[in-house]
Amino acid sequence: MGGKRKEFTQEEINYIVGNWGKESPHSMKQKFGCTWYAVCKVAESQGLELPKNKDWTNEEVEMLKKLADKYHYTEIAQIMNKTENAIYLKARRLGITLIQDRRKWTEEEENMLADLWGTKTIEYIAKTMRRTVFSLKVKAVRMKLGPMIRNNYDMITVSDIIDLLNVSRDRIINTWIKLGLKLKQTKLTENMAYYTISWIDLMNFLENNQNEWDSRNVEINMLGPETEWLQAKRKRDALENPLWYRKWTEEEIVQTENLFKSGKNYEEIASTINRSEWAVANCLRNRGYSYMLPQYWKGRELKFLRENYSDMTYAEIAEILGRSEAAVSFKAGQMGYQKKKK
């Protein structure tokens, strides 16, 4: 679950410097496959001014202080319905240390976790080690320190489910709730709330809806001791992907088309939307994309689009680059440019 720290190439650094203020950090983080925080650290190291954040209420400030020790800053942004930019900048001004990177565990940290596990509350350990509660549960299972749920802490968030099962938030909120997933609303303040579920309720849902998730995305024993039904599911999933025959939602179809137009191949699209490559190919074929192969955008094409965006129409740019007008419009939007097609 922990990812490697992003190492930026000189070309990427030059891109951030050259496009700072023209393209949003959010767009850049998607382009480079990293966090918003990582992009801003590069900009800051190059002497660039960070974006300004909007006014915060006293209630929101107190909530940020309460959540900072428990959740990764991207999760805090989702819970408080704010941007990662706003969370990071406000925490910095208040002197709050956020849990920023899902970093690799060191030997020293593993020894500390082993010493504290079972003797201190999981909340205390998380605060001491600057880790999320969920990451400690995961590490404890991998180190075979004992059950995943301990110290009366058996509630997990939607973000935890995403990390654990490698499924999308959209599927959990829009599909699984309709199938009976018992999410509980936890109110933080009068105007803010987020969703959690008990470990028992989640396991019951997974057992009763086995075709909704793929056990190959879950490490052995990550769901606790492997019961008979889970062992049987692993054997079935090894032979046939349980998600192949799921009905496509309109949101999934639109997302698939947009990813394809942006230059993603079938494998990348399948990984993003949690479908098989065969299912992606079949969906695109049914939408009229037969025998079309996605074209990756080359550096010189991006440079041409950036330099001529203001003076040329999408149709003119598309003709010169040998691409469709829709593809040019989509890529321009990804780069932070907004202009109506002419």
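Both Arg234 and Glu226 are buried, where buried means under 20% relative accessible area, exposed over 50%, and partly exposed in between (1.4 Å probe, protein chains only). Their side chains meet in a salt bridge, 2.8 Å from N to O. A salt bridge here is a side-chain nitrogen of Lys or Arg within 4 Å of a carboxyl oxygen of Asp or Glu.

This is a predicted model: local features need pLDDT of at least 70, side-chain atom pairs count only at pLDDT 80 or more, and totals for chains, interfaces and linings use all residues. Residues are numbered from 1 along each chain as its sequence is written, and side-chain values use heavy atoms, with hydrogens and water left out.

**Overall picture**

The protein has 342 residues, and 46% of them count as buried. Its secondary structure comes to 19 helices and three strands. Helices (H or I, at least four residues) and strands (E, at least two) are DSSP runs, numbered from the N terminus. Take the contacts between residues at least 6 apart in sequence: 61% join residues at least 24 apart. Contact means heavy atoms within 4.5 Å. The protein exposes about 19,200 Å², with carbon and sulfur atoms supplying 48% of it. Accessible areas come from the Shrake-Rupley method with a 1.4 Å probe; for residues, only the protein chains shown count as cover.

**Salt bridges**

The whole structure holds eight salt bridges. The table includes three of them.

| Pair | N to O distance |
|---|---|
| Arg216 and Asp214 | 2.8 Å |
| Arg234 and Glu226 | 2.8 Å |
| Lys233 and Asp237 | 2.9 Å |

Arg216 is partly exposed, at 43% relative accessibility. Lys233 and Asp237 are both buried. These two residues lie four apart in helix α13 (residues 228-239), so about one helical turn separates them.

**Gln210**

Gln210 sits in the loop between α12 (199-208) and α13. Its relative accessible area is 16%, so Gln210 counts as buried. The Gln210 side chain reaches the backbone oxygen of Glu207 at 3.0 Å. A polar contact of 2.4 Å joins the side chains of Gln210 and Arg236. A polar contact is a pair of N or O atoms within 3.5 Å; within protein, one must be able to donate a hydrogen and the other to accept it, and residues adjacent in sequence count only if both atoms are side-chain atoms. Leaving out residues up to four places away in sequence, Gln210 touches Trp229, Lys233, Arg236 and Pro242. Of these, Lys233 also forms the salt bridge with Asp237.
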